[in-house]
Amino acid sequence: MDGCNEDMLARLERIAAALERMAPAPRPAIDLDAATAFIWDPRGSLQPVTRVNRVEMVLLKGIDRMRDILVENTRRFAAGLPANNALLWGARGMGKSSLVKAAHGEATATVQERLKLVEIHREDIETLPELMALVRRMSDYRFIVFCDDLSFDGNDTSYKSLKAALEGGIEGRPDNMILYATSNRRHLLPRDMMENERSTAINPSEAVQEKVSLSDRFGLWLGFHNCSQDEFLAMVYGYADYFKLGMSEEQLRAEAIEWSTTRGARSGRVAWQLIQDLAGRLGKPLSI
């Protein structure tokens with residue numbers, strides 16, 4: 001009888017050991033004081049970013065109105081006041097994501113690093129409710145959840161998860177969180193996708209409204225448009241002055257016009273690419 005009990009006990013111990021091996025490893029503790037910015041790991045943790053790829057606010061030219069609105073919204077949120085989710089949409093390379101990071105950088109100086117920037121990748125957007133649950137438990141901090149280049153295509157239905165997470169559901173969005181997103185599309189969906197919904201749906205207007213209502217969850221719509229030549233030149237002059245390239249305005253103008261012409265575009269990104277090329281030719285390092 002004792003032998004049977006010992007055999008049963010050994011089996012139970014083996015089963016318990018096997019279950020422990022199958023169990024997921026405990027999630028590491030999150031140290032929010034380790035950094036001011038993090039990347040969301042969909043497995044349930046935040047990875048600190050030791051150095052944010054950030055451009056100084058003074059270098060963002062030609063977007064003054066959008067800058068002022070987003071900075072003010074961010075400051076209100078950092079101070080514990082009501083603030084809106086923001087969608088920054090429009091032309092490529094005009095500083096949408098740079099403005100988000102710069103606004104966060106300015107605001108952190110006033111809240112003793114209690115304001116955290118958390119980037120969530122587009123492909124992880126379905127795990128946003130899990131991130132929100134984590135944020136809700138960390139009420140001593142305030143979080144800007146940032147998704148760069150957010151858009152949806154084809155039969156992708158993850159936009160429904162985002163829509164419900166932002167304003168729907170019983171709990172709603174945590175008071176200590178807002179969402180900033182950038183996109184080339186005002187409604188986050190391609191025009192042909194919306195037109196297809198209109199042409200194939202039993203009730204076309206209702207189908208389109210279902211898609212468009214996602215962007216309505218963002219209280220701020222900030223549009224970024226292609227810049228003029230004067231605005232492009234102001235960007236180039238601003239960069240050159242900041243980094244002390246030592247080139248004359250006339251020479252910079254000629255270089256800028258040729259550079260934008262060969263690329264068929266004018267934007268903050270194109271201006272920065274020119275500055276990198278000029279600095280390389282001049283043998284001057286760039287450090288932001």
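Q: Is Ser260 buried or exposed in this predicted model?
A: Ser260 has a relative accessibility of 8%, and because buried means under 20% relative accessible area, Ser260 counts as buried in this predicted model.

Q: Where is Ser260 placed, and with which residues is Ser260 in contact, leaving aside its neighbours within four places in sequence?
A: Ser260 lies in helix 9, and once its neighbours within four places in sequence are left aside, Ser260 is in contact with Phe232, Ala265 and Arg266.

Q: At what angle do helix 9 and helix 10 pack, and how far apart are their axes?
A: Two packed helices are described by the angle between their axes and by the distance between those axes. Here helix 9 (residues 249–263) and helix 10 (residues 268–282) pack at an angle of about 125°, with their axes 10 Å apart. Helix 9 is therefore oblique to helix 10, and the crossing of the two helices is right-handed.

Q: Which residues meet where helix 9 packs on helix 10?
A: From helix 9, Leu252, Glu255, Ala256, Trp259 and Arg263 meet Val270, Gln273, Leu274, Asp277, Leu278 and Arg281 of helix 10. The residues of this contact divide into six nonpolar, one polar and four charged.

Q: How many disulfides does the structure hold?
A: A disulfide is a covalent bond between the sulfur atoms of two cysteines. The structure holds zero disulfides.

Q: Are Cys147 and Cys227 buried or exposed?
A: Cys147 counts as buried because its relative accessibility is 0%, and Cys227, with a relative accessible area of 6%, is buried as well.

Definitions and conventions:
Residues are numbered from 1 along each chain as its sequence is written. This is a predicted model: local features need pLDDT of at least 70, side-chain atom pairs count only at pLDDT 80 or more; totals for chains, interfaces and linings use all residues. Side-chain values use heavy atoms; hydrogens and water are left out. A disulfide is a pair of cysteine sulfur atoms within 2.5 Å. Buried means under 20% relative accessible area, exposed over 50%, partly exposed in between (1.4 Å probe, protein chains only). Axes are lines fitted to C-alpha atoms, for helices over the stretch in contact, and angles run from 0 to 180 degrees between N-to-C directions. Angles under 35 degrees count as roughly parallel, over 145 as roughly antiparallel, 65 to 115 as roughly perpendicular and the rest as oblique. A crossing is left-handed if the near helix is turned anticlockwise from the far one by less than a right angle, and right-handed if clockwise. Contact means heavy atoms within 4.5 Å. Ala, Val, Leu, Ile, Met, Phe, Trp, Tyr, Cys and Pro count as nonpolar, Asp, Glu, Lys and Arg as charged, and the others, Gly among them, as polar.
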